[in-house]
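Reader: I would like a close look at one part of this model. Please keep it brisk, and spell out the cut-offs.

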Amino acid sequence: MATSVNHRYKISELATLFGLSHRAIRYYEAEGLIAPERKGQQRLYRYQDYLRLSLIVRGKRLGFSLAEMRELFELYDAEKNTPRALQQMIHAIQQRQRRLQQQQEDIQAIMDELNRAETQCYRQLSKWSRQPSS
């Protein structure tokens, strides 16, 4: 499927690409996160909408709320070159980086615990398989 800057996507294309329902995509539109062009009743999504949807899907997987996504988009779209906007963007990014770092550490701790439990299970199975059967 085309992903060029000039390509216009139909809602069905985006739904397939991102594994989203049409309803979810329309909801993101209603929330102001994406803004398709209209050709009669048909919505035509630009490459920017495609990129935003990819960020929304990834952001949701990483625990971003839609409000946080909106805030980042607004900061990015607003006067990008003003010191205040850039400072706000840096602050938002650093906050999210700290949260993700903590999540990464928590995931690693859980993975370590699961690996220990799995090893313990294999040890138990090994002991039972060496016992003579009755």
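What should the 48 residues of α5 span at 1.5 Å a residue, and how far apart are its end C-alpha atoms?

Author: First, the ground rules. This is a predicted model, in which local features need pLDDT of at least 70, side-chain atom pairs count only at pLDDT 80 or more, and totals for chains, interfaces and linings use all residues. Residues are numbered from 1 along each chain as its sequence is written, and side-chain values use heavy atoms, without hydrogens and water.

Now the helix. α5 should span 70 Å, and its end C-alpha atoms are 70 Å apart, so the two agree. The expected span is 1.5 Å times one less than the number of residues. Helices here are DSSP runs (H or I, at least four residues; strands are E, at least two), numbered from the N terminus. α5 covers residues 83–130. Ala85, Met89, Ala92 and Arg96 of α5 are buried. Buried means under 20% relative accessible area, exposed over 50%, and partly exposed in between, with a 1.4 Å probe and protein chains only.

Together with Leu55, Met69, Leu72 and Phe73, Met89 lies nearest the pocket's centre, and 19 residues line the pocket. The pocket holds about 380 Å³ of space. On a 1 Å grid over the protein atoms alone, a pocket is an open set of points where a 1.4 Å probe fits, with protein on both sides within 12 Å along at least five of seven lines; lining residues have an atom within 4 Å of a point. The volume is the space filled by probe spheres set on the points, which are joined across faces, edges and corners. Twelve lining residues are nonpolar, three polar and four charged. Nonpolar covers Ala, Val, Leu, Ile, Met, Phe, Trp, Tyr, Cys and Pro; charged covers Asp, Glu, Lys and Arg; the others, Gly among them, are polar.

Rings of Phe, Tyr and Trp (its six-membered ring) pair if their centres lie within 6.5 Å; planes under 30 degrees apart are stacked, over 60 edge-to-face, and the rest tilted. The count is four aromatic pairs. Phe18 and Tyr50 form a tilted one, at 5.4 Å and 50°. Phe18 sits in α1 (residues 11–18) and Tyr50 in α3, 32 residues apart. Tyr50 counts as buried because its relative accessibility is 17%.
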